Amino acid sequence: NSASAPQIGYRVWNGSVWGDEKYYATLRTSAVVQGLQSAERPASDEIGVVWIGDDYAISATKWDGTTLDSGSEPAAAFATDVARGTAGSPNTGYQESYGITFETTSGDLLVFYGVEGDTFLELRGRPSGSAWTISDSLNVGREIGSMSVASSPISDKVSIGEYFSGGGHA
């Protein structure tokens, strides 16, 4: 919702009709939301949502089956300078240097992202029913570019495909 930063606008389908538009006021990012991804947790009503603002800050929360849950946001933005590879706004569609998924068996919500000028793939995670306590980094040797994240439907394995800023695939 670019008219009133920082908010995410959404509607809920009840099986028959779309509900009225609702707004989630983001707590850890303060700019207009320019990029957003979501992931569904299998066999549940939960949906993870990650977003970046036009100031390149990144945060996430969880849909609990009824509403976006402000209690599910981390204590602070994960980063304030998400990798973008080229100058310009993150909504250009050139690259999404972040991704979100749920592990299938544990239910952990995982967010992956790169930081501008850095060569590390960052991971932040929220175990099912807990706070954002998972944190890890992997040096991939070059700045992160576009990425796609997917979970195995039968295990907690996660696949990440990425295109490095400056060319090349992982």
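The largest cavity has a volume of about 50 Å³. A cavity here is a set of points on a 1 Å grid over the protein atoms alone where a 1.4 Å probe fits but cannot get out, whereas a pocket is an open set with protein on both sides within 12 Å along at least five of seven lines; lining residues have an atom within 4 Å of a point. Grid points are joined across faces, edges and corners, and a volume is the space filled by probe spheres set on the points.

Please keep in mind that this is a predicted model, where local features need pLDDT of at least 70 and side-chain atom pairs count only at pLDDT 80 or more, while totals for chains, interfaces and linings use all residues. Residues are numbered from 1 along each chain as its sequence is written, and side-chain values use heavy atoms, with hydrogens and water left out.

A search of the whole structure finds one cavity of 30 Å³ or more. Among the residues lining the largest cavity are R41, E46, K62 and R126. As for the largest pocket, Y10, I47, V49, W63 and L68 lie nearest its centre. Its lining draws two or more residues from each of β1 (7-10), β3 (33-40) and β4 (47-53), and β1 gives the most, with three. Strands are DSSP runs (E, at least two residues), numbered from the N terminus.

The table sets the two spaces side by side. Ala, Val, Leu, Ile, Met, Phe, Trp, Tyr, Cys and Pro count as nonpolar, Asp, Glu, Lys and Arg as charged, and the others, Gly among them, as polar.

| Space | Volume | Lining residues by class |
|---|---|---|
| Largest pocket | about 230 Å³ | nine nonpolar, three polar, one charged |
| Largest cavity | about 50 Å³ | three nonpolar, three polar, four charged |

Now for the backbone. A43, in the loop between β3 and β4, has a positive phi of about 60° although it is not a glycine. Y56 also has a positive phi, near 70°, and sits in the loop between β4 and β5 (58-63). Are these residues buried (under 20% relative accessible area) or exposed (over 50%), with partly exposed in between, using a 1.4 Å probe and protein chains only? A43 is exposed, at 89%, while Y56 is buried, at 11%.

Finally, β11 (residues 146-151) and β12 (residues 158-163) pair in the antiparallel sense over six bridges; pairing requires at least two DSSP bridges between two strands. They form a hairpin with six residues between them, and V149 stands opposite I160 in β12.

Technical notes:
Helices (H or I, at least four residues) and strands (E, at least two) are DSSP runs, numbered from the N terminus.
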